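Here are my notes on the model you sent over. Have it open in your viewer while you read.

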Amino acid sequence: MKLETAPQDIAVNGNFATSDFAVGDLAFIVDMFADKVYTHKERAVIRELACNAHDSHVMAGTTDIPFDVHLPTSLEPFFSIRDYGTGLDDHEVRNIFAGIGISTKRDSNDVIGCFGIGSLSPYSMTDSFTVKSYKDGICRSYSCYRDETRKPVVALLVEGFTDEPNGLEVSLSVNNKINEFESEAKEVFRFWEGTLPEINNKYVSDHCKNIRNSYIFSGDDFGLTGGYGNMYAVMGNITYRIPYELDSFGCEGYLKFNLGELEFDTARENLSMTNKVRDAIKSKVAQVKASLSQIAIDRINTEPTPFKRAVLANRLNKGNIGRLVKLDMSKYYLPETTDNIEVWKTNYRSVEKVATKNLPIGEKVEYFEFQPRMKQRVRSYAKETNKTIVLLTAEQIRQCLIDREAISDIDNIPKIERAAYSKGSSASNNIKTFEFSYNSNWRAKAKENWNPVKVDVNQSELVYVEIDRYYPINGISIISGSHSNINSTLETLKEHNIPVPIVYGLKSSFISSKGFGVGNWISLDNYVKREVKKIAIKGVYKYCKMDFEKMEALTENICSSELTEWTEYTKLVTKDSELVDIAKRIGLEIKTDNALQQWMDSFFVKYPILTILEHWEIRKNPEKIAPYIGGVVR
């Protein structure tokens, strides 16, 4: 990104003794930039490395290829970004990761970087990290670390041929920072565009997608929601809060700026409120506000049918959006019907029937073609879904110009469950309920996760989840707190050869009734606890999976007294660490012994270079590693 610098306007005449500008203690300078500049260190690391990945893809012309983002997990406690851009040669790696203020990006507004300090951001969280550069068929692995004087050093560890595409991978260990990185990644990537990050955390990806979808009115350079909130300036994929005194929108939203339009502090966390920045924001606010009405009209007029135009007009006429757009939407109203339309609306806990000649429109409105003798079914459905239900005759459908595809089949409304639950009654053998759709699409609506079924309650055991309006409630979050968690739970049971039960959804009203006591019901939470307890061992070694894999790679290829000692430890090791983790998270008492991890920690402190190598690199280069640890190649 181009940076504005004041022009030099000084003339010096005569012979004067001069001296060059001196740079002091480099270690202190790195400490100052890496440790003192960033307020949100996790966010800074993600942002700076992601921006570098983006720039590399731009320069390589690979913006159509996602770069990989690995957020730390309990089993893999590291953060890394692997891009597929230009890659770096040996000289470039050493310049960038052992220098400060070195940037090749100050002459272009096509890329984000400019200060030449982003590569130092990992030092704000760690004293060492790994860099792998893939360049023209050669892979080089480096250790970037602070020496005994805290001066940054770059050491080439391994170099070899590779068929991997060009690019760079930066990785750092971040133990006990899972929640922090997940939270900050949501901040960094919520407005990201131009390149696509492939994030290993689905919840972060979904959150960012939902944030973007919440902006119900947007143009090329803005996005607005209908609710109150903050306005943000977005430039080069980085978000800055716009001060209240410059925000006259009164709603949550964002304004996009071209690279170079705004100025910011060294940490790229806040705007530098110069006259240039104030003028740019004021100009953008005025420009967007002046264009809102015409953008709204153009957007509405592109809709192909009167009904779709009416839906969009209704959406843009509500809340703060309506206040800003200031349009007369009456020309998009649909025609009135001759006879009253039957409408069922939820009012607090009751459902009331109303009559109108104007077709109700909104996000929580559902349309059906009228059929007689469906009153109780429709009322129950409106209450269960908390929606407004509109019933239209064939003539009313024609008159109000509603699209046929917007009208659902009324026969799909679930029938009201009527079953006797008293013991001794023949009806008590069967109840109508819902069966969970295992491996259902996570994008599915709540109702689509459940299939209506008739269940014989005289079975030996029935597993259930309590549901309300098709959403799981009152369960342990990790087991049954959501549809995706139920799916993950069943998948985990399958992986560990635990019988995967059919999961039924029982409404709260049934669980509190006498009929619930007729069947042999067990909640999914208690089922999982019971079955995991059967196979979960009483005590295990707790260890880091990555460390264990490295030690395995060492013992397979190298002989030494220390590795023999480690092998003795592993005789008592269970590799089923995921099962142990699940058992602990659901409240089962499992004793863990940290002796193995403590041994490995001491080993890696003694041989620190091993911490930045991966197990496959160890297997590939045993002849180089064996002398380092005082061993011999097998």
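This is a predicted model: local features need pLDDT of at least 70, side-chain atom pairs count only at pLDDT 80 or more; totals for chains, interfaces and linings use all residues.

The points below go from the overall figures to the sheet, the salt bridges and the cores.

1. Ground rules. Residues are numbered from 1 along each chain as its sequence is written, and side-chain values use heavy atoms, with hydrogens and water left out.

2. Overall figures. The protein has 20 helices and 27 strands, taken as DSSP runs numbered from the N terminus (helices are H or I with at least four residues, strands E with at least two). Of its 634 residues, 45% count as buried; buried means under 20% relative accessible area, exposed over 50%, and partly exposed in between, with a 1.4 Å probe and protein chains only. The accessible surface comes to about 32800 Å², 49% of it belonging to carbon and sulfur atoms (Shrake-Rupley method, 1.4 Å probe). Take the contacts between residues at least 6 apart in sequence: 67% of them join residues at least 24 apart, a contact being heavy atoms within 4.5 Å.

3. The sheet. Seven strands make an open, mixed sheet, ordered E5-E4-E3-E6-E2-E1-E7; two strands pair if DSSP finds at least two bridges between them. E5 (152-161) and E7 (197-199) are the edge strands, each pairing on one side only. From one strand to the next, the twist averages 15°. Inside the sheet, E3 (residues 128-135) and E4 (residues 138-146) run antiparallel and are joined by eight bridges, with Val-131 opposite Tyr-142 in E4.

4. A helix across the sheet. H3 (residues 90-97) lies across E3, E4, E5 and E6 (167-173), running at about 155° to E5. Axes here are lines fitted to C-alpha atoms, for helices over the stretch in contact, and angles run from 0 to 180 degrees between N-to-C directions. Asp-90 is partly exposed at 24%, and Arg-94 is partly exposed at 33%.

5. Other salt bridges. The count is 25, using a side-chain nitrogen of Lys or Arg within 4 Å of a carboxyl oxygen of Asp or Glu. Glu-193 pairs with Lys-256 at 2.9 Å. Glu-193 sits in the loop between H4 (178-189) and E7, and Lys-256 in E12 (residues 253-257), so the pair ties together parts 63 residues apart in sequence. Glu-342 and Lys-353 meet at 3.9 Å, N to O, and this pair links E13 (residues 341-347) to E14 (residues 350-356). Asp-127, Arg-146 and Arg-150 form a salt-bridge network.

6. Cores. The largest nonpolar core has 67 residues, and Phe-79, Phe-97 and Phe-189 have the most contacts inside it. A nonpolar core is a set of buried Ala, Val, Leu, Ile, Met, Phe, Trp, Tyr and Cys residues joined through side-chain atoms within 4.5 Å. Helix H6 (residues 275-301) gives the largest share, eight residues. Leaving aside residues up to four places away in sequence, Phe-79 touches residues including Val-45, Leu-49, Val-170 and Phe-181. A second, separate core of 23 residues includes Phe-548 and Trp-599.
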